[in-house]
Amino acid sequence: MKTDNYARFARAHSITQTKRGLTAALDGEQLRIDVLAPDVVRIKISRGGVFDEKPSFALADEPTPMSIGFKVKTQGDRTELTTEGMRVVISHEPFAIDVYRPDGSVVFESVRDQHGAWSYGHENDSFVIRRRVAKSDPIYGLGEKTGGFNRRGRDFTLWNTDVLNPTASGEFTAQYEPGDLRADNSSTEFDPYYVSIPFFYHQDFSGGHISGSFIDNPYRGFYDFSAEDEIKIHFGGGQYTEYVFAGPDMCRILFQYTTLTGRTALPPIWSLGFHQCRWFGYNQDDVERLVAKYREVDVPLDAFWLDIDYMDGYRVFTWNKERYPDAPGMLARLADAGVKVITIIDPGVKEDPGYEVYDDGVKNQVFAITEGGDEYIGQVWPGDTAFPDFANERAREWWGELNAEHVKSGLAGIWNDMNEPATGDKDPLPMRFDQGKYEHERFHNQYAMLMAMGTTEGLLKAMPNLRTFVLSRAGSAGIQRYAANWMGDNMSRWDHLWLSIPMGNGLSVSGQSFVGADIGGFAEDTNPELYARWIQYGALTPFARVHSVINTIDQYVWSFGDEVLKISRDALKLRYRLLPYIYSSFVTASQTGAPIQAPLIYDHQYDPKVRDLDDQYLFGASILVAPVFAAGQTKRDVYLPEGEWFDWHTGKHYVSKGETFTVDAPLATIPMFVRAGAVIPMLEEAPLNTKGLAPKKIQLHVFVPEGNIEYQSMLQEDDGLTFDAADGKLVRTEFNFVRNGDRTLLEARSTGKGFDGFAREEFEVIWHTAQGASSKTIANAGEDFELELS
Ligand code: GLC
């Protein structure tokens, strides 16, 4: 991307302190800096002298002006805005912006050339900023991206894309020579993907500090991290609004980013169970038979998903009456058996006069129109389709009501697909938004989020005390407030199993913690070994759903014989036994933004060895997972950050100085390690689903190091379904583990008002030491306790 002709502002002048920061004049435009927290500032540059105060729907709320101490001081040719956590330096002429921490370390520095700084260049409604970067500095984040977790050395486009559709991906594959992985939309390097999040982290590799940048701009973005000494960020329209995070720790930045854009709402507990999905023309009997089969083979299952063939001719919000003569009856019987049903809802509404949803949409003028005022028509499963104008509040409400009506039959959640929006072989650009007011580019990347917003708000209006569950393919900054994301159409291939690890980690550190890939792989036939490895791993990701495309081999847990069935059963029973731990991790994510699937860098940012480590991850705060992602492999290298760890399966104790260990990984197990000091709350036995889950006993697996340590863990119990927990109807137990010399102590402090259905009577504390395990049961219905290992 050539930006040499871009215009740059020569001079910043008339700098004025405001209540929240400062403003300056820039040759006809305005610069504004708002202090939002000691470690967060917002930098804006106007267009035509006007600021766009709501460039997108990314923010949960406009940050409330708080009185945060800062100083503005001009000295000679520069003005400095200083907070407790950062120092923004504005050079007047030539105009430049650079940001530092109080210790002098760099948050960002603009690139300089003979004409001045590249703080902001603009041309034809697009703008560019260029920043300095050292050769070895890693870049992380940017949401759902292919390739390694460290984004250096590559460039990325932010433009939500229906990846496997050659019309949508063709523009991008065509840029590369055949043979280049990026010329292949099924490769692990193809870009762009379904979700676009303009938020990234830059790490100063020499010092370990991290800074963050979120550009609140929904237009097509281009992030170029391929050069050795600079990064270039380009947007094709809209205004420049950047949130700058000084860190210096990744967890602090993610906390602040999710303070702005919102956090994963605490999901219903059943959504943390196992999900069976497949694109297939099932009928009602098939569904009931398959659910029964899960019981028969003794594998837990919480949800069965229906893909597009449940509909009448792919008309959204309808049922195919031949296949499902009595959907409510089927749903009621499945609900009795503890299995929820989720149906797909695509945005495209069949253009079909006489079809109620379409007619109603036309009547209410809620479909997107073109510049000339035509109804925009794309091509999706039902053929010609109109698209709800989700940028418009009325359209979102209309959609919300349709969803609320649809789930009345007994459905538990909604699956949103094709919401990039995918328009088949029709150009999406003529689709305008908010009744034709805005060009497509402004809302393209936001379309899925606004769809999920409409859906969630509609469901909440109809059922105000029931947590919602929406799964979305596409998304943008803030999507985590309304939906979980799966990683779209992956391939049943080993390289795609691996890819989902850095991709999941990338989404997680970009605010979206509820993520998972199609287990077994979506496109092409899977094979028994790949399936076994994938389900072991998928069982330890935030969202666990098996799914595959039509006309491929069966991908049920029983489809590959007894060995794979047993592996699947063991893997899923482990997930279900871990539900108290997984659920508590979701509670933390909903409160702090901390990922559930985390890259090691999240907790070990000052360990240079984890910079490029993207084939293992942390599941919750204390479990490290190292999936196997190659055929025939029965050993793998696992890096254990400095400290003590325990092998989950064998109990073997490791003392690591930050070393790589080669561990056994027979087909029956996935390498898994627990951090010493951790308390892992578990169910004694795996239930077949989460219906009525009210354990009398919870096991506390405590991993006891040899060395001294203090470590905190948390367990939250609540009804798992309503918002009562937000009113304190819960039992939250904070564990403090202390090992000090010969003394090993577990302290537990409990808070909360309790809730209907709370049944716990005891904790079984299971101490795991280097020498082996021992257990002690204590009566406990939510009281504080202290227990010493003797
Ligand atoms: C898209 C989705 C996939 C779904 C299919 C049919 O390809 O990504 O999950 O099965 O459409 O609805």
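How far is an oxygen atom of the ligand from an N or O atom in the side chain of aspartate 489? Select both: the separation is 2.5 Å.

**Before you click**

This is a predicted model, in which local features need pLDDT of at least 70 and side-chain atom pairs count only at pLDDT 80 or more, while totals for chains, interfaces and linings use all residues. Residues are numbered from 1 along each chain as its sequence is written, and side-chain values use heavy atoms, with hydrogens and water left out.

**Stop 1: the ligand**

Stay on the ligand. Show aspartate 417 next. An N or O atom of its side chain is 2.9 Å from a ligand oxygen. Then show arginine 473. Its side chain also places an N or O atom 2.9 Å from an oxygen of the ligand. Polar contacts here are pairs of N or O atoms within 3.5 Å; within protein, one must be able to donate a hydrogen and the other to accept it, and residues adjacent in sequence count only if both atoms are side-chain atoms. Taken alone, the ligand exposes 310 Å², and the protein buries 97% of that. Such areas come from the Shrake-Rupley method with a 1.4 Å probe; for residues, only the protein chains shown count as cover.

Now select the shell: Trp279, Asp307, Ile308, Ile344, Trp381, Trp415, Asp417, Arg473, Trp486, Asp489, Phe522 and His547. Colour the shell by class: 7 nonpolar, 1 polar and 4 charged. Ala, Val, Leu, Ile, Met, Phe, Trp, Tyr, Cys and Pro count as nonpolar, Asp, Glu, Lys and Arg as charged, and the others, Gly among them, as polar.

**Stop 2: the parallel sheet**

Switch to cartoon view. Find the open sheet of 9 strands. Its order is β33-β32-β30-β29-β25-β24-β23-β35-β34, with parallel pairing. The edges are β33 (515-516) and β34 (518-519), each of which pairs on one side only. Strands (E, at least two residues) and helices (H or I, at least four) are DSSP runs, numbered from the N terminus. Two strands pair if DSSP finds at least two bridges between them.

Pick β30 (residues 470-472) and β32 (residues 484-486). They pair in the parallel sense over 2 bridges. Leucine 471 stands opposite alanine 484 in β32.

**Stop 3: around β28**

Select β28 (residues 383-386). Strand β26 (residues 349-350) runs antiparallel to β28, joined by 2 bridges. Lysine 350 stands opposite threonine 385 in β28. β27 and β28 pair in the antiparallel sense over 4 bridges. Glutamine 379 has aspartate 384 as its bridge partner.

**Stop 4: around β48**

Jump to β47 (residues 731-740) and β48 (residues 743-751). Their antiparallel pairing spans 9 bridges. Valine 738 has leucine 745 of β48 as its bridge partner. This hairpin has 2 residues between the strands, and glycine 741 in it takes a positive phi near 60°. Leucine 746 stands opposite leucine 787 in β51.

**Stop 5: serine 56**

Go to the loop between β5 (40-45) and β6 (71-75), where serine 56 sits. Is serine 56 buried or exposed? Serine 56 is buried, at 8% relative accessibility. Buried means under 20% relative accessible area, exposed over 50%, partly exposed in between (1.4 Å probe, protein chains only). A polar atom of the serine 56 side chain lies 2.9 Å from the backbone nitrogen of alanine 58. Leaving aside neighbours within four places in sequence, serine 56 is in contact with Asp216, Pro218 and Gln446. Contact means heavy atoms within 4.5 Å.

**Stop 6**

Select glutamate 93 and proline 94. A cis peptide bond joins them, with omega about -5°. Proline 94 lies in the loop between β8 (87-91) and β9 (96-100). Then select glutamate 420 and proline 421. Their peptide bond is cis, with omega about -5°. Proline 421 is in the loop between β29 (413-416) and α7 (440-444).

Two positive phi values remain. Serine 14, which is not a glycine, has a phi of about 50°. It is in strand β2 (residues 12-17) and counts as exposed at 51% relative accessibility. Asparagine 124 has a positive phi near 45°. Find it in the loop between β13 (121-123) and β14 (126-132). Asparagine 124 is exposed, with a relative accessible area of 70%.

Conventions
A residue is near a molecule or strand if one of its heavy atoms lies within 4 Å of it.
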